[in-house]
Amino acid sequence: MSLFTENIIPGKTGKVFGTDAKFPDDLLLIKNSLLSIDGIKNVEIHEDIYPKELTVFSDKLISVTLVENVIKKIGFHLIPKGVV
């Protein structure tokens, strides 16, 4: 494990997550939940990819575990895929 695999790094670099959400309303719920986390500044949804993916951008160091736990509370999963 490293700083890059366990965290979302601030700046123009984003972290890509796969999700089990399938419907646009569910993806929007996930996006809004992520934006409620202090430090997350933008979330891009990639609906043209299956399974669906999101890229999360931050302005401070954020733990991947924190992000996963917030989304689990609303009934979905996020799996980190890599760095943009």
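At what angle do helix 2 (residues 24–35) and helix 3 (residues 64–72) pack, and how far apart are their axes? In this predicted model, the two helices meet at an angle of about 130 degrees, and 10 Å separates their axes. Helix 2 is therefore oblique to helix 3. Their crossing is right-handed. On the side of helix 2, the contact is made by Ile30, Ser33 and Leu34, and on the side of helix 3 by Val67, Val70 and Ile71. Five of the residues in this contact are nonpolar and one is polar, while none is charged.

The helix pair belongs to a chain with three helices and six strands. Along the sequence, these elements follow the pattern α-β-β-α-β-β-β-α-β. The chain has a radius of gyration of 11 Å, close to the 12 Å given by the globule rule for 84 residues, so it is as compact as a globular protein of that length. Taken along the principal axes, the box filled by the C-alpha atoms is roughly 30 × 20 × 20 Å.

Confidence can be examined for the chain and for its elements. The mean pLDDT of the chain is 92, and 95% of the residues score at least 70. The table gives the elements with the highest and lowest mean values.

| Element | Mean pLDDT |
|---|---|
| Helix 2 | 97 (highest among the elements) |
| Strand 6 (residues 78–83) | 82 (lowest among the elements) |

Most peptide bonds are trans. The bond from tyrosine 50 to proline 51, however, is cis, with omega near -5 degrees. Proline 51 lies in the loop between strand 3 (40–46) and strand 4 (53–58).

Conventions: Residues numbered from 1 in each chain as written. Predicted model: local features only at pLDDT ≥ 70, side-chain atom pairs only at ≥ 80, totals over all residues. Heavy atoms only, no water. Axes fitted to C-alpha atoms, helices over the stretch in contact; angles between N-to-C directions. Helix = DSSP H or I, 4+ residues; strand = E, 2+ residues; numbered from the N terminus. Parallel < 35°, antiparallel > 145°, perpendicular 65-115°, else oblique. Left-handed = near helix turned anticlockwise from the far one by under 90°. Contact = heavy atoms within 4.5 Å. Nonpolar A, V, L, I, M, F, W, Y, C, P; charged D, E, K, R; others polar. pLDDT = per-residue confidence, 0-100. Rg over C-alpha atoms; globule rule 2.2 N^0.38 Å.
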